[in-house]
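Hi everyone, thanks for making time today. Let me put the structure up, and then we can walk through a few parts of it together.

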Amino acid sequence: MNQAAEALLNKVWKEITTIYEQESKRINEFENQRTLQAGVHNYLRVAWRKGKFTWSKGKFQIDFSKLSLSSSNKFGADAYIMELTDELLIDEFFPALCGLVDDLFRSEELGSRFFDYKLEVVFEFEWERSKLTLNKQLLNEPKLNQLQNTLDHFIQTRILSDSPVLPDEKDVFFFAYHLVNSDLMKQEVVVIDPLIRRLSDKLNTNQELKNGLISRYTLALKKWVNDYFLLQHFTRSGDYDMTWTLKEDHPSVDTREMDFFLYAALQIGFTETDIPQKYMELAVQLGSKEAADYLKNGSGKFAHTYRGELIEGRNNDITQTIEICILSEEELAYKEALDYIINLLKQAFPKSYQLKLKSSQKNFLPLKELAKSELHQFFANALSYPALFPKLAEYVDTAMEEFAWYEDVEPSEESVMPGTYAAMGLGLYSEDYFPLVCRYMELVDTEHQSAQDSYAETFIEAHGVKIELMPVIVSILLGGIDEGTLVKNLTIDSPELVEALKGKEIYEYEMVLRRIFGSMEKLEAVAQKAQPPLKEALEQLLALQIEMT
């Protein structure tokens with residue numbers, strides 16, 4: 001072997017074995033064996049990162065994880081670095097490195113838990129104006145066979161059997177990812193779906209473990225979709241809101257893989273309701289007639305059409321759309337429509353739906369921050385019938401969900417949490433629903449929704465500032481955006497605000513006062529100029545602020 005290549009190999013191998021010994025010690029100290037995990041590491045990268053000013057003044061870096069953004073396992077190079085070439089690295093260094101790694105990979109000399117049954121070896125070398133990347137896949141077939149047997153036993157004893165014994169959390173974690181591992185299972189609906197359904201049913205007695213299963217297999221399915229299936233046929237751009245562009249020379253679509261892709265889209269949609277439509281639209285580009293039917297008629301879980309006495313309804317859970325046609329503009333028509341929507345939501349129809357409305361009425365709430373959408377119009381129309389207030393409250397209780405937004409507008413400052421239009425309207429029109437408004441304000445995401453910020457002024461215009469309303473007003477103030485917008489029509493002239501603020505956290509207290517007075521300094525100025533009894537009330541607020549800090 002060339003001397004420079006050999007010097008590099010010796011240096012790199014010394015560092016790898018040192019890390020291996022240290023990491024093996026840590027891994028072997030794990031208290032609980034992970035029965036469905038063959039080993040911890042399936043990746044090894046050796047990389048030369050060129051120097052900032054001179055490429056030869058860089059550092060080598062060794063990582064046993066793809067997620068490593070930086071590494072403490074760095075070391076420099078001696079004079080041999082100047083003698084290296086692509087040819088030496090390709091023909092001599094990398095094959096020799098892979099030979100040593102393969103021997104270590106199979107020996108398990110420091111325990112069987114360090115390496116998974118497969119290992120990707122990656123070598124990267126940055127020159128002044130180019131970069132060399134080499135990789136090789138290693139497979140330990142006996143270890144894979146052992147894992148396969150362990151998985152088969154787990155399925156028979158923990159999933160398919162009638163035994164009441166449940167798997168533990170770590171087993172659920174690894175099982176979920178094995179579902180999309182082609183080395184262990186076929187990614188076919190007839191194979192995967194019965195296992196998911198069976199285990200989900202068994203975990204009904206442990207909701208926390210069941211939620212963990214759903215979360216894990218959802219992530220696993222997304223990984224299969226994004227990193228395997230779609231990449232065969234599309235190019236990907238973007239990090240979070242990914243854009244997929246169909247390849248001109250994409251391979252023909254395997255029918256079983258397409259079936260599994262559509263299945264994955266539906267499964268993911270249970271927790272990420274915007275996903276099915278995006279995936280179905282991509283499947284249509286690949287020629288899927290089934291996906292086109294989903295986009296037209298929905299998944300089939302819900303009756304697609306409804307014909308009542310006073311309304312006609314249609315729904316599509318894939319596009320998250322509900323259509324309402326009011327046949328007769330009267331109270332009972334809106335009650336029938338509300339019952340229809342509530343029934344859909346109770347059957348797990350996506351709460352982040354959009355509504356298409358055919359109605360001759362065109363009412364909107366007196367809230368300038370709310371989008372004048374057809375969904376807003378529907379609830380404003382329904383709110384014109386006081387007898388429907390209890391039904392609207394039932395809808396709000398059914399629809400409210402934190403970190404969810406209606407799809408009636410493009411994502412923007414006008415996006416609002418499900419239940420918003422009905423909850424705000426009820427709060428303006430009836431004192432009976434003040435507790436509902438408070439629950440809404442406690443749940444709303446103040447970091448990512450701002451349309452509720454102006455509600456305080458409109459609420460005060462409707463009801464005034466009464467002593468008995470102070471707890472409700474405080475709740476509404478706390479539901480505003482985190483910056484604490486000043487409410488111009490809110491004047492405090494009694495000590496009841498002090499009582500309403502007792503028990504609040506310091507940040508809540510400061511936000512309420514900021515929305516009423518603008519700042520603590522302005523509160524002090526107002527208190528100095530005020531006359532009794534307002535003066536005493538404001539001084540109490542100042543005293544409470546000092547006490548809390």
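In what order do the five strands of the open sheet come? The order is 3-2-1-4-5, and the pairing is mixed; strands here are DSSP E runs of at least two residues, helices are H or I runs of at least four, and both are numbered from the N terminus. Two strands pair if DSSP finds at least two bridges between them.

A quick word on the source: this is a predicted model, where local features need pLDDT of at least 70 and side-chain atom pairs count only at pLDDT 80 or more, while totals for chains, interfaces and linings use all residues. Residues are numbered from 1 along each chain as its sequence is written, and side-chain values use heavy atoms, with hydrogens and water left out.

Back to the sheet. Strand 1 and strand 4 pair in the parallel sense over seven bridges, and Leu44 stands opposite Val121 in strand 4.

Now look at helix 2, residues 86-107. After helix 2 comes Glu108, with a positive phi near 50 degrees.

Last stop: Gln320, in the loop between strand 9 and strand 10. Gln320 is buried too, at a relative accessible area of 4%. Its contacts beyond four places in sequence include Phe349, Tyr353 and Glu407.

How values were computed. The expected span of a helix is 1.5 Å times one less than its number of residues. Buried means under 20% relative accessible area, exposed over 50%, partly exposed in between (1.4 Å probe, protein chains only). Contact means heavy atoms within 4.5 Å.
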